[in-house]
Amino acid sequence: MGRRCGGVGRATGGRLFSGKEAYISDIFHMETAPNLVSTCTAPVFRGQHSFVVSDYSLNMGLGPGEFIRSKMFNIGGFDWSIRYYPDGVNHRCRRYIAVFLELMTQGAKVRAKYSFGILLGQSQTPSWKTEPTIPISQEASTSQIYGWEKFIERTTLDASPALLLLDRITIVCDIIVLKDGPLVSGVVLPPPTKVPPSALSSDFEKLLESKEGADITFVVKGESFPVHKVVLIARSPILKALLCGSMTESGASHITVEEMEPVVFKALLHFIYTDSLMPFDNCDEDKLVPHLLRAADRYGMERLKAICEVKLCMNIDVERVITIFVLADQHQCNMLKRACLNFLATPNTLEKVIKTPEYDELKNLDPSMLLEFLETACVVPKV
């Protein structure tokens, strides 16, 4: 399979194409080879023959090397038969029954795949043994057989309740005959359709910005945020409980959000609608992310909370480690808490942290938290 693409002319009559002219020229002069797919298939004939051996126990004692042959059957234009050796194909294998496939058509050569199975009593599910595809031939002066000297151990058969009940086995032979050579065919596929990238996130961002269809308004410190109930219900379990519970009963169209800055709520809504953080172009990321983590925890936005946690882990320093540690403890951010302690384990870091205003503030406001902070830091292995 190949692909050839013709050259694209960029100049005509000494005048260069530019801008839209060049683009249009590309469209009308580009050659594309059709997509071709070729398929190789092996023409085969399939068939099955069942050889029922009644009075199984009476056939025992025939002697090693002695066999019972099935009636001849035809599959794929060739004659076949099954050989069954009740006492084994020879003295060495006398503890096993043997089964073989024999090509009866004189002078024939054929490529075939075969498998043998055995049914005990009235069972409908045989146990199979399969050989890969092999060349099978029958010359005029020789007899070629194909199968297993140790097909199944006689003690295994004798212990079967189904065999004891009916005293009958069925030898099943599946044959696949490959005729001639492989067939190769080709088809021309239509040109592939270019699937545009997903616009779901940007579409929802536009929906939030346009306020079109908004059916409820959140008010944060006097700033209004018209939103769509269905989006908030789908994204936040806390907002779902609020909007489908008490707010539904009261019929209110405005909700006041306490203890949150408008920029934080705006960032929260952006994530709810787009599943991504809004750009931090016009705000201080270091100050916004901790507040956004609190908002994510407040409204059950676990993915947003985890993203904020990772960002804070990457921005731990001497001045912020205590503040971040307290935040992690308040909102059960174990990874962030561990990152703070690992930071303290670096050489001479704890001594520097003790000299910061944040340390003095924590000592005055929450001595028990400070004690936990110091005790935990002391047991972390030093780097």
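Trainee: Hi! Which helix is Leu 163 found in?

Mentor: Leu 163 is in helix α4, which covers residues 161-166. Keep in mind as we go that this is a predicted model.

Trainee: Got it. Is Leu 163 buried or exposed, and why?

Mentor: Leu 163 counts as buried because its relative accessibility is 4%, and buried means under 20%.

Trainee: What is Leu 163 in contact with?

Mentor: Leaving aside neighbours within four places in sequence, Leu 163 is in contact with Tyr 56, Leu 157, Asp 158, Arg 168 and Ile 169.

Trainee: How far apart are the C-alpha atoms of Leu 163 and Ser 57?

Mentor: They are separated by 9.3 Å, while the two residues are 106 residues apart along the chain.

Trainee: Let's switch to salt bridges. How many does the structure hold?

Mentor: There are 12 salt bridges in the structure. One of them joins the side chains of Arg 69 and Glu 102, at 2.9 Å from N to O.

Trainee: Where do Arg 69 and Glu 102 sit in the chain?

Mentor: Arg 69 is in strand β5 (residues 68-69) and Glu 102 is in strand β8 (residues 96-103). The two are 33 residues apart, and the pair links distant parts of the chain.

Trainee: And Glu 102, buried or exposed?

Mentor: Glu 102 is buried, because its relative accessible area is 4%. Arg 69 has 38% relative accessibility, so Arg 69 counts as partly exposed.

Trainee: Which residues are joined with Arg 69 into one network?

Mentor: Arg 83 and Glu 102 are joined with Arg 69, through salt bridges that share partners. Arg 83 has its place in strand β7, and at 11% relative accessibility Arg 83 counts as buried.

Trainee: Which side chain does Arg 83 reach by a polar contact?

Mentor: That would be Tyr 85: a polar contact of 3.0 Å joins the side chains of Arg 83 and Tyr 85.

Trainee: What is the salt-bridge partner of Arg 95?

Mentor: Arg 95 pairs with Glu 153, and their closest N and O atoms are 2.4 Å apart. Arg 95 lies in the loop between β7 (78-85) and β8, whereas Glu 153 lies in strand β12 (residues 145-153), 58 residues apart. Glu 153 has 25% relative accessibility, so Glu 153 counts as partly exposed.

Trainee: What about Lys 337, which residue does it form a salt bridge with?

Mentor: Lys 337 forms a salt bridge with Asp 329, and the closest N and O atoms are 2.6 Å apart. Lys 337 is buried, with a relative accessible area of 18%, whereas Asp 329 counts as partly exposed at 24%.

Trainee: New topic: helix α10. How does its span compare with what it should be?

Mentor: The two agree. Helix α10 has 14 residues (285-298), so at 1.5 Å a residue it should span 20 Å, and its end C-alpha atoms are 20 Å apart.

Trainee: What caps the N-terminal end of α10?

Mentor: Asp 284 does, with a side-chain oxygen 3.0 Å from the backbone nitrogen of Asp 286. Just after α10, Gly 300 takes a positive phi of about 70 degrees.

Trainee: Which residues of α10 are buried, and what do they pack against?

Mentor: The buried ones are Leu 288, Val 289, Pro 290, Leu 292, Leu 293, Ala 295 and Ala 296. The buried residues of α10 pack against α9 (262-274), α11 (302-313) and α12 (321-330).

Trainee: How many residues of α12 are buried?

Mentor: In α12, 7 of its 10 residues are buried, which leaves the helix mostly covered. Among them are Val 321, Ile 324 and Phe 325. After α12 comes Gln 332, whose phi is positive, near 55 degrees.

Trainee: Last one: which residues touch the most other members in the largest nonpolar core?

Mentor: In that core of 56 residues, they are Phe 218, Leu 232, Phe 265, Leu 268 and Ile 272. Helix α9 gives the most to this core, with 8 residues. The core draws at least three residues from each of domain 2 (199-308) and domain 3 (316-382).

Trainee: Where might I find a second core?

Mentor: A second, separate core has 32 residues, including Leu 101, Ile 118, Ile 136 and Ile 169. Ile 169 is also one of the residues in contact with Leu 163, where we began.

Notes: Residues are numbered from 1 along each chain as its sequence is written. This is a predicted model: local features need pLDDT of at least 70, side-chain atom pairs count only at pLDDT 80 or more; totals for chains, interfaces and linings use all residues. Side-chain values use heavy atoms; hydrogens and water are left out. Helices (H or I, at least four residues) and strands (E, at least two) are DSSP runs, numbered from the N terminus. The expected span of a helix is 1.5 Å times one less than its number of residues. Buried means under 20% relative accessible area, exposed over 50%, partly exposed in between (1.4 Å probe, protein chains only). Contact means heavy atoms within 4.5 Å. A polar contact is a pair of N or O atoms within 3.5 Å; within protein, one must be able to donate a hydrogen and the other to accept it, and residues adjacent in sequence count only if both atoms are side-chain atoms. A nonpolar core is a set of buried Ala, Val, Leu, Ile, Met, Phe, Trp, Tyr and Cys residues joined through side-chain atoms within 4.5 Å. Domain bounds come from an automatic or database domain assignment. A salt bridge is a side-chain nitrogen of Lys or Arg within 4 Å of a carboxyl oxygen of Asp or Glu.
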